[in-house]
Amino acid sequence: MRFALKPGHVVLLLFFIAAALLPLFVDPRGHLLRVAAMALLFAAMAQSWNIIGGLANQISLGHAAFFGLGAYTSTLLFLRLGISPWIGMLAGAVVAGLAAALLSVPTFRLKGHYFALATLAFAEVLRVIANSWADLSGGPVGLTVPFLGTQPLSFAFRAVSSYYWIILALLVIVCVVFYVLAHGAMGYRLRAVRENEAAAEVAGVNTFRVKLVASVISAALTAMCGTVFAQFTFFFDPDSIFSLSGISVRMAMIAIVGGLGTLGGPIIGALFLIPLEEVANAYLSSRAAGLSQLVFGLILIAAILIQPRGIMAFFPKTKGKTQPKAQPATEGARG
Amino acid sequence: MIQALVDGILLGGVYGVISTGLSLVFGVLGVVNFAHAEFLMLGMYVAWFAWRMLGLDPLLGSVLSFIIVFAVGYGVQRLLIQRVLKAPPAAQVFLTVGLMIVIENAALIAFGSDFRSVSVPYQVEGYRLGDIFISAPYLYAFIAAVVLSLALWLFLERSWSGRAIRAVAQDPMASTLVGVDTKRTYGFAFGLGVGLTAFGGAVILPYITVSPTVGGQFVVLMFTVVVLGGLGSVTGALVGGLVVGIVQSLSALFFPIQLQNLFLFVIFIAVLALRPQGLIKGA
């Protein structure tokens, strides 16, 4: 593993520093900070997805499953047993990791479309269960996280800025995990799987194990985002937390619009899309419900057709390595 | 029990036609169309408006649904899908997912979120056969589905265009060499695929209400049917439809209605894991 500091990394560091200072300059309870926090949270989610979706090119359309497991585990532990959501967050990560491992057994032989379909069905299974098993999950009405004022040990704060910093810290952690995975031996194995699975297997890579590890890590991080989301928004229900277009597709879309398999991609994608969506919601939803979603879909189509390698492709200087001759949308991982 | 079986077969025949379109698109273009269920929704709306404005029974309006959605599908394929035919699966998946979001929300803007249903004279009628009750709207939808399936089979087997579609599915390069316009054939096949699904949507309108989100109810169902029958196999999709219809109807006997779909998902994942080539190979 080489730790050469590249221009791209400097930009990223500066971004994190600037992001950490933002709450000092804007209204700490204001709407702007909420939007910024949401953008960072979605960046962290997209980066988690990027580990399996970008590095190994396993196109998951079911990451809402792990997101929802994280939210449900921590919230239920807190509501039923009074366990702090901080511990619940780790418990959620374990549950999601196990679920990912379990799902890997039947799905990892599947390629491309089939894998996407199977993961999509998995998230739908959880949505149906959460909706119908009301004794456990609270059913279709969803769960409300009680408002406690400021109690740091119970993951409860009055100020938006506290959540903001926690989310930023989570994003940094996810990015570091991504970087270490992408640049370590694991990264080479994952890229080998992505480019040619059969060849990787012949060359001695245990492709099943590599994908399993990446998938479990990706799911666990996604679940942590789920817990933070639940604490931050105080409310969620099965249809929104296990949503295909709201969570699963959006996570993937942010990574793709930003730049699939790149370290900066999910961050750029989230900073571009989430505020855009916020603006679209503010200005368009009064005119017609669905208009902002329509715009969202159009952007996705445009992104695929115009620049499948994402916004990152417009910054050639930040590329550390020479560009591999890969097809669009399966570009190499770059720091 | 036999009652549930009959219900299942009537339901399954329609599922078969709805899913055949999806399978056809995959078989010919190699693209899994995540937006497919939205074309079902479009077909239902066309039939609804045909009923409302022209007084056309949905069973007849289905022809209109087929024609209009065929045209839409042809355009969508030539403008959008054609560009990602050679792209990696990720690009194809997300293009059609984007299309799904666009169509659903465009419908929401155009038609509002109300649930709309038609009223036809035979809606609550039925036939008795001993102990078995056969609901008229289900029966008519099933008959329409069978007729269309036969028409599709004849078309693919006998007509020049049908043969062109099958040729392109087998080997696009060779078909080009013998004078088939592959791009037009792709557009034609996609239009045919979504048109079939729209037709299926129209014939079930007497017993299912339409809303912009109705597609969501059918997405996993359609994929389950298609995967059961083997992706790309038209005959397989028809058989898969019957299987899913029967399973759904039988499971309703033993389990609460909310868990009905859960069964489908479990079957779906199990089939993907154990027999991704479908239950009947080479069909």
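Some ground rules. This is a predicted model, where local features need pLDDT of at least 70, side-chain atom pairs count only at pLDDT 80 or more, and totals for chains, interfaces and linings use all residues. Residues are numbered from 1 along each chain as its sequence is written, with chains lettered from A and ligands numbered from 1 in the order in which they are written. Helices (H or I, at least four residues) and strands (E, at least two) are DSSP runs, numbered from the N terminus.

Back to α9(B). Of its 16 residues, 14 are buried, so this helix is largely enclosed by the rest of the structure. Buried means 20 or more other C-beta atoms within 10 Å of a residue's own; 12 or fewer is exposed, in between is partly exposed, and C-beta atoms are placed from the backbone. After α9(B) comes G230(B), with a positive phi near 95 degrees.

Next, the chain contact. Chain B puts in 35 residues and chain A 42. Contact means C-beta atoms, placed from the backbone, within 7 Å. On the chain B side, α4 (89-111), α9 (214-229) and α11 (260-274) each give two or more residues. α4(B) gives the most, with 15. By class, that side has 29 nonpolar, five polar and one charged residues. Nonpolar is Ala, Val, Leu, Ile, Met, Phe, Trp, Tyr, Cys and Pro; charged is Asp, Glu, Lys and Arg; the others, Gly among them, are polar.

Now a helix pair in chain A. α8 (residues 185-195) and α10 (residues 207-233) pack at about 110 degrees, axes 10 Å apart. Axes are lines fitted to C-alpha atoms over the stretch in contact, and angles run from 0 to 180 degrees between N-to-C directions. α8(A) and α10(A) are therefore roughly perpendicular (65 to 115 degrees). From α8(A), the contact uses M186(A), R189(A), L190(A) and V193(A); from α10(A), T207(A), V210(A), K211(A) and A214(A).

Most residues other than glycine have a negative phi. F155(A) has a positive one, about 60 degrees. F155(A) sits in the loop between β1 (143-144) and α7 (160-183) of chain A, buried, with 24 other C-beta atoms within 10 Å. F234(A) has phi near 70 degrees. F234(A) is partly exposed, with 13 C-beta neighbours inside 10 Å.

Key:
Contact = placed C-beta atoms within 7 Å. Parallel < 35°, antiparallel > 145°, perpendicular 65-115°, else oblique.
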